[in-house]
Protein chains: 2
Amino acid sequence: MGFFAQLDAAIKKNNSLLCVGLDPNPSLMPPGVDALTFNKTIIDATADIVCAYKPNLAFYEAAGQQGWDVLKQTINYIPKGIPVIADAKRGDIGNTSQAYAAAIFENLGAGAVTVSPYLGLDSVEPFLKNYPDKGVFILCRTSNQGATDFQSLPVKIDNLEMPLYQAVARKAEQWNTLNNVGLVVGATYPAEMQELRKTHPDLPFLVPGIGAQGGDIKLTLETGLNTEGKGIIVNSSRQILYASRGSDFAKNAALAAETLRQEINLYRQPCNKEN
Amino acid sequence: MGFFAQLDAAIKKNNSLLCVGLDPNPSLMPPGVDALTFNKTIIDATADIVCAYKPNLAFYEAAGQQGWDVLKQTINYIPKGIPVIADAKRGDIGNTSQAYAAAIFENLGAGAVTVSPYLGLDSVEPFLKNYPDKGVFILCRTSNQGATDFQSLPVKIDNLEMPLYQAVARKAEQWNTLNNVGLVVGATYPAEMQELRKTHPDLPFLVPGIGAQGGDIKLTLETGLNTEGKGIIVNSSRQILYASRGSDFAKNAALAAETLRQEINLYRQPCNKEN
């Protein structure tokens with residue numbers, strides 16, 4: 001079963017579009033709790049509330065080889081039915097991207113990855129073609145302020161003028177011959193999300209940017225869902241992981257996740273943009 | 001002493017613009033030699049021939065936590081006078097990029113890093129501002145075929161039209177308030193390199209793409225050097241590391257490196273593009 005089919009199954013089983021970002025940050029974690037214990041506790045508390053987990057590799061690499069070990073053990077610990085997206089934002093020349101793909105899909109055993117488009121097709125192809133059962137989310141319109149620096153620039157492609165992020169989405173659609181491509185589209189830019197949904201009705205969106213980054217849930221769902229009321233998953237990291245720094249952190253994380261799941265579900269209905 | 005001053009010192013000491021990419025690939029390495037031994041042997045054989053080493057993180061991450069340990073030990077083993085560029089091509093939202101910067105500059109102890117520009121200023125800033133003595137090479141015009149997919153697209157920025165890679169270089173120049181920024185410019189696109197050198201006479205270029213990727217040394221030097229005969233370092237990985245797979249691999253790597261150093265030096269002279 002391919003990644004997106006697994007994701008659909010998890011969405012149905014837990015009635016959830018919520019992805020929890022597993023980003024252990026020592027300065028925000030409860031004192032005295034190590035990263036692996038923290039992750040396991042968060043997973044135990046939220047595994048029936050989420051549709052996916054998304055560890056960002058940066059927070060593990062900051063702790064060096066020990067961090068990599070924690071990451072691997074964390075991924076192993078996640079219940080089999082819940083897909084794992086390695087948020088790695090990788091992208092390099094072909095033979096090097098293949099090494100990254102091996103790291104993420106083989107060594108770590110993640111089900112999907114985020115990749116950067118800047119180097120073009122041959123930097124993304126090893127992830128796409130050599131691992132057809134894995135998912136590949138291409139950075140399109142990111143949630144951060146600096147996203148406007150380049151992603152908003154008007155470009156000319158195929159004799160059409162559009163912002164760079166639209167050109168990336170256009171290429172991503174062309175590269176999606178195995179139905180294993182999605183886009184990263186930040187909740188902080190709802191107008192752009194709406195435009196992307198219109199031009200790419202079938203591409204799945206991984207949506208960061210709600211909570212600490214300020215994205216709005218109602219707007220995200222209204223603009224990001226496809227006509228079948230599907231097609232997006234919404235990530236939250238800090239808002240859930242660090243709901244409390246006390247010994248009750250797991251309980252509060254579960255509560256924050258459940259609240260968010262319900263809030264998302266409130267706005268989750270088939271909406272036909274044409275009506 | 002900042003990274004670029006250290007690099008200048010190494011260039012002078014070894015009379016070399018050659019950077020060797022330390023990319024241990026099990027399928028190309030001499031049989032029976034582990035990655036750490038391989039790297040140490042290559043370093044012993046080439047340390048007086050190069051101006052820098054550039055390990056690409058992908059080849060270490062493919063081996064998981066053990067690979068990270070090999071990378072760290074490799075960086076520790078490199079003689080103090082020779083700067084290390086971690087070829088990581090990272091870039092994420094601010095707090096995450098800070099975790100990557102900690103991984104690369106603090107945990108690994110590298111002197112410089114390569115970063116991707118797609119997420120804009122706040123994705124690059126933690127590397128630049130929080131570690132002013134480190135070097136940051138921003139991907140501009142990469143050496144691979146897919147570079148044309150987005151980097152060549154005409155964009156409009158500050159009311160000017162230029163290819164995206166020129167817009168990236170323009171921003172990089174603006175972000176270079178601490179003189180710790182360089183660009184990655186592939187040897188496989190000499191016309192683009194020439195144009196970038198003209199518009200950015202002072203930015204240092206890290207140049208991949210000679211050897212296995214087909215870039216031409218003479219053209220690279222002619223187009224990439226600044227008017228003082230400086231401003232570029234030329235990377236080679238496979239051509240040197242895998243000059244031989246026999247027990248004589250170190251000797252052959254040294255010979256390949258020395259040949260390349262001399263070939264580069266042959267074309268290395270102050271050239272004033274105006275004459």
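Q: What makes chain A of this predicted model one that can be read with confidence, in terms of its mean pLDDT?
A: The mean pLDDT of chain A is 95, and 98% of its residues reach 70 or more, on a scale of the predictor's confidence that runs from 0 to 100. For the model as a whole, the scores are ipTM 0.96 and pTM 0.97.

Q: Why are the two copies said to be related as by a two-fold rotation axis?
A: Chain B can be laid on chain A with an RMSD of 0.0 Å by a turn of 180°, with a shift of 0.0 Å along the axis. The copies are thus related as by a two-fold rotation axis.

Q: How do you know through which surface the copies meet?
A: Since 100% of the interface residues of chain B are also interface residues in chain A, the copies meet through the same surface.

Q: What makes chain A as compact as a globular protein of its length?
A: The secondary structure of chain A comes to twelve helices and ten strands. Its radius of gyration is 18 Å, close to the 19 Å that the globule rule gives for 275 residues, so chain A is as compact as a globular protein of that length. Of those 275 residues, 61% count as buried, the cut-off being under 20% relative accessible area.

Q: Which residues touch the most other members of the largest nonpolar core?
A: Of the 200 residues in that core, Ile138(A) and Ile138(B) touch the most other members. Leaving aside residues up to four places away in sequence, Ile138(A) has heavy-atom contacts, within 4.5 Å, with residues including Val115(A), Val168(A), Trp175(A) and Leu183(A).

How values were computed. Residues are numbered from 1 along each chain as its sequence is written. Chains are lettered from A and ligands numbered from 1 in the order in which they are written. This is a predicted model: local features need pLDDT of at least 70, side-chain atom pairs count only at pLDDT 80 or more; totals for chains, interfaces and linings use all residues. Side-chain values use heavy atoms; hydrogens and water are left out. Copies are superposed by least squares on the C-alpha atoms of residues with pLDDT of at least 70 in both. A nonpolar core is a set of buried Ala, Val, Leu, Ile, Met, Phe, Trp, Tyr and Cys residues joined through side-chain atoms within 4.5 Å. Buried means under 20% relative accessible area, exposed over 50%, partly exposed in between (1.4 Å probe, protein chains only). Helices (H or I, at least four residues) and strands (E, at least two) are DSSP runs, numbered from the N terminus. The radius of gyration is taken over C-alpha atoms; the globule rule is 2.2 Å times the number of residues to the power 0.38.
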